[in-house]
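Biologist: Could we go through this structure together? I would like to take it one topic at a time.
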Amino acid sequence: TGQPRGFFAIDRGGTFTDVFARCPGGRVRVLKLLSEDPAYRDAPTEGIRRILQELGVALPRDQPLDGSQIQWIRMGTTVATNALLQRRGERTALAVTRGFRHLLHIGTQARPHLFDLEVAMPDMLYEEVIEVDERIVPEQPDCCSGVTLLVQKPLDLERLRGDLEGLLSRGFRSLAVLLLHSYAWPEHEEQVAALALQLGFSQVSLSSGVARMARAVPRGLTACVDAYLSPGVRSYLHSFCQGFRDGLQGVRVLFMRSDGGLTPMARFRGSQAILSGPAAGVVGYARTTFDPRDGTPVIGFDMGGTSTDVSRFAGALEHVFEASTAGVSIQAPQLDINTVAAGGGSRLFFRWGGMAPVTLGLSPDCPLVSPGGPLTVTDANLVLGRLLPEYFPRIFGPGEDQPLCRDSAVAAFRRLAATIGDFRSATGDSAVPEASPEPPSVEEVALGFIRVANEAMCRPIRALTQARGHDASRHILACFGGAGGQHACAIARTLRMARVCVHRHSGLLSALGLALADVVHEEQEPCALPYGPGAFPRLEQRLRELERRCRDALRGQGFADEQIVTEPFLHMRYEGTDGALMVSARGHPARPDTCQAGDFLGAFTERYRQEFGFALPGRAVLVDDLRVRGTGSTEPVAPECPPQVTQCYFEGGYQDTPVYLLEDLGSDHVLPGPAIIIDTNSTIVVEPGCVATMTPLGDINIAVGEGPAQTLGTELDPVQLSIFSHRFMSIAEQMGRTLQRTAISTNIKERLDFSCALFGPDGGLVSNAPHIPVHLGAMQEAVQFQIRELGPELREGDVILSNHPRAGGSHLPDLTVITPVFWPGQPRPVFFVASRGHHADVGGSTPGSMPPHSQSLRQEGAVFVSFKLVTRGQFQEQAVTEALLAPGAVPGCSGTRNLRDNLADLRAQVAANQKGIGLVRELIGHCGLEAVQAYMGYVQDNAEVAVRDTLRAVAARWGSLLQAEDSMDDGTPIRLRVELDPKEGSAVFDFGGTGPEVLGNCNAPRAITLSALIYCLRCLVGHDIPLNQGCLAPVQVLIPPGSILDPSPEAAVVGGNVLTSQRLVDVVLRAFGVCAASQGCMNNVTFGSDRGGYYETVAGGAGAGPHWEGRSGVHTHMTNTRITDPEILELRYPVVLRRFELRAGSGGAGRCRGGDGVIRELQFRRGAELAVLSERRATRPYGMAGGLPGAPGLNLLLRRDGRVINVGGKGQVSVEPGVSKNHQKTPK
């Protein structure tokens, strides 16, 4: 017709649907409506109908809309996300390479929640599995870099046909396909797809089609997500089009992908849709807040009803290529968005002296309208006067038409205040003597919860900034989302940010982001070339081809060449490492000695140093994948009396607070805080000391002041208790992130076999990030030993290295790096920080330093008691090198076989400790040394109270005497007698009668027993509590000297850490009657030669409980390390993984069955020394309450001549190339 047509950008969220429209006449219109409402069939269609109807066109709801007045529609939707969360996708089957039917169930073998004995994990998305007869392996037997593949077994299509027909007969129409190494050899998967579609499947998702990158597990899970969600996405798109007369013919309909780019409706698929809505919000604030002229980076703060999303933009969208949603790992480009479970609808609770929000969702029956329901963060803001019911949507109550009810919230907070007062009175003369018995006011309690919620939301922001080497204070906070405006000033002030930006459409910024986003098309393929001049011609040729495909795809969507921009990326890593980075050459132009597409090596080195803190000069750089991102740029959308005064509660009490309507404000308005600015879709609180200024475009800039000076005393305050608990834990977490990103070894960077912790001046544990349970109590012993041993010799600039069992070590490969924290005016350390990491080799009699037959400590590798790794700030490289090579002087032993990685990882541990020191000093500088150390004690007291309550409850139910016994495979008994004091809530754990030290290596240093106890006590508590020495305060531990649990100083101990520790946990949990035994072992496997080695621990079965089945194929109790992905294993090491599946029926029968173990079979392609260190090969994991025991494990060697040899629980053998196989069946 030639007449102007309208644009619609729609964000369909879980609760609300936001619409941003530019009408045919140029007017901008915004609208918010419920995503689910019986009054209409589809919220986006209804939003379009309402806006078009405003133009004077009658559009009844029961008739399709006329799309002739619409030019384009852009949408972000949670349809796929909700289907994934609620498990409402299409019935799906999985086709996988034979021998790997349970590969995706096992996954990384790590459990998501360390102290959850039930090991609750989401169900798999597929219902049935068929195994495909085919096998592709890397061709190079010497493991050189490359993806040249060998077809070892052709695809058997005839057998597959029968299996697929069987699936069809059982009602399956959606199929996910995962064949190993299909990222580089997709032909087999493509043949499976062709046959499946021919037979009648309507959806076939290939792993090679959704992610052309190595790593079978995340790629297979992504294919399952795609197969599970795509039919529902297609159905929704079809239904949406049916709401228009012409099915939206002639209208460009684009959908937001998880990577922040738009894609045509016909190409939108389930695996791309998970972060569709949040991605649009990132694009929204990136386009409206970031100013390229000054380059100040921006933190996006999107607070909704159930959670808060935080992200960072510094001129380019930041992507990750593997992330988890709803318990499913997805390998696809996604914006780097961190989510914390604290939103407006987060429930509030008070437990053991601490306050915290926990997300269970915003419900219409909350106390806003229904007294007695759960209190939420929204209630706290309501009670404080920061939300005004008359301006809040009427969406509550049974009819979803009721306003907020302040009276109900006040009454509920009054009851909670009384509870807090009772706790103070009850503990006033015991665990927390400084506590005031006076009950707090309603407002004090509500404000306390707001401050705790704010601190919880600061943690992911610190992870995006401080943990990655950025200064949080040098960022702008871009606030959006319905609830973010009430918290933005306080969060910015906590993080010392000077400026908050609130867009005029902040309540629906995701919809605006859709209007501003670009259309994106990407092409990717594997590469596996070394980066260097010899590879440049090939790299440039393939990048040009990928660019051509992107341009052709975007031209096909109507973009002219001048609207298309392409950007090449290389997925690069140092040889011998797994830490690959997707690198753009932006800012690194081509030179005569570089690739024509840019200086990717310079960009990689700079990015690696930024991410990991160091570079590896002289080491070859490999290119794993090539990627080109094509962008089709679109036209940006052009922007278009005395106030009410209310009483609002802030620090110091109520203050008169003017209330302004955003629509009444112009660019000349300056609003000093306190003030409230209300828009149709959000409420913004300008706190005292802050000043809001309206920009010419109608946005809000808030200058964040220092706020009122606060003096933090040393008396106990429940609010500060929770805040300090968050801060202490954040320090340990950020140390862990620093260690992971700066380490080089697979053990630390990929398998996550490390722990970081903060300790008090007495060496007592303050906070331990939940990394590896076997490190929990042991690290405290290590720090306290150094305090006793070195005392005044500890000086600023010193760093101690230790691993000896008598010095709190667990076993020799676990190297502990300890750094004292000094403060001006204090002669002794005020805190300690420490990191413990498992090094792949520290010398000894076998590669991997896990010898199965060691009889003395000196056979297990390098020993450090109180070694000064850093003296007065100088890293002692020569001295530590000599110590790491020293085991070569022991007959039959070698020094470390991987010195370069040892030194790099030790430097990473020093860097992690230095990160912790900086954070501790920052906290002391802000709060004062006395207050920080006082709350250190209160946090420990808090854990003590929780454990005492638990022990009282156990005594009340089971009596004051508990006993249990179990045996190691060699018959050595471990006996436990627990005497409970129900009045004090204390216990004596007496291991009298436990067997003597053994000649082998299953001796466990005392620190291992403490780690097992602190882990078990934390599991028994069943709630999130601070993990520190307070857990052991109510406990006395008696261990007979000279026993297997307290051996002589030079006894072999390598098995005690990985085997005896698991048996200890089984004994403790048996005494408390909590659950049946788990696999009781870590199933340690090492192989290698003088050229290097490989180490893994293998999953087994988890014990069942009174109301849960045991989880199969998972790591339990004292470890939680990941296992190397099958494709990475075969690419990096001279082995082929023949089988990795569950050991059906091994878990033990009962009303609740135990979890099954696994079968794992490795075939060796090169001669090597194989060592196996395991338990539960002679004894069986016990059942409980009449349940049967699980099956013992079995280690077999399959020889070239056909012999099958049982190598026993602890064995070492030379393996032959080609035919020798290690066949392992793990317990349960």
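Biologist: How much space lies in the largest cavity?
Modeller: About 80 Å³ of space lies in the largest cavity. This is a predicted model, in which local features need pLDDT of at least 70 and side-chain atom pairs count only at pLDDT 80 or more, while totals for chains, interfaces and linings use all residues. Residues are numbered from 1 along each chain as its sequence is written, and side-chain values use heavy atoms, with hydrogens and water left out.
Biologist: What counts as a cavity?
Modeller: On a 1 Å grid over the protein atoms alone, a cavity is a set of points where a 1.4 Å probe fits but cannot get out; lining residues have an atom within 4 Å of a point. Grid points are joined across faces, edges and corners, and the volume is the space filled by probe spheres set on the points.
Biologist: Which lining residues are closest to the centre of the largest cavity?
Modeller: Of the 16 residues that line the largest cavity, D753, N1057, V1058, M1082 and T1119 are the closest to its centre. Both α23 (1054-1072) and β47 (1092-1097) supply at least two residues of that lining. Helices (H or I, at least four residues) and strands (E, at least two) are DSSP runs, numbered from the N terminus.
Biologist: Turning to helix α21, is it largely enclosed or exposed?
Modeller: Helix α21 is largely enclosed by the rest of the structure, because 22 of its 30 residues are buried (under 20% relative accessible area, with a 1.4 Å probe and protein chains only).
Biologist: Now the sheets. What is the strand order in the parallel one?
Modeller: The order is β6-β5-β9-β10, in an open sheet of 4 strands; two strands pair if DSSP finds at least two bridges between them. Its edge strands, β6 (128-132) and β10 (203-206), each pair on one side only.
Biologist: And which strands does helix α5 touch?
Modeller: Helix α5 (residues 187-199) packs on that sheet and touches β9 and β10, where contact means heavy atoms within 4.5 Å.
Biologist: What is the order in the antiparallel sheet?
Modeller: That open sheet of 5 strands runs β48-β49-β54-β51-β52. β48 (1135-1142) and β52 (1204-1206) stand at its edges with a single partner strand each, so one side of each has no neighbour in the sheet.

Terms used. Buried means under 20% relative accessible area, exposed over 50%, partly exposed in between (1.4 Å probe, protein chains only). Axes are lines fitted to C-alpha atoms, for helices over the stretch in contact, and angles run from 0 to 180 degrees between N-to-C directions. On a 1 Å grid over the protein atoms alone, a cavity is a set of points where a 1.4 Å probe fits but cannot get out, and a pocket is an open set with protein on both sides within 12 Å along at least five of seven lines; lining residues have an atom within 4 Å of a point.
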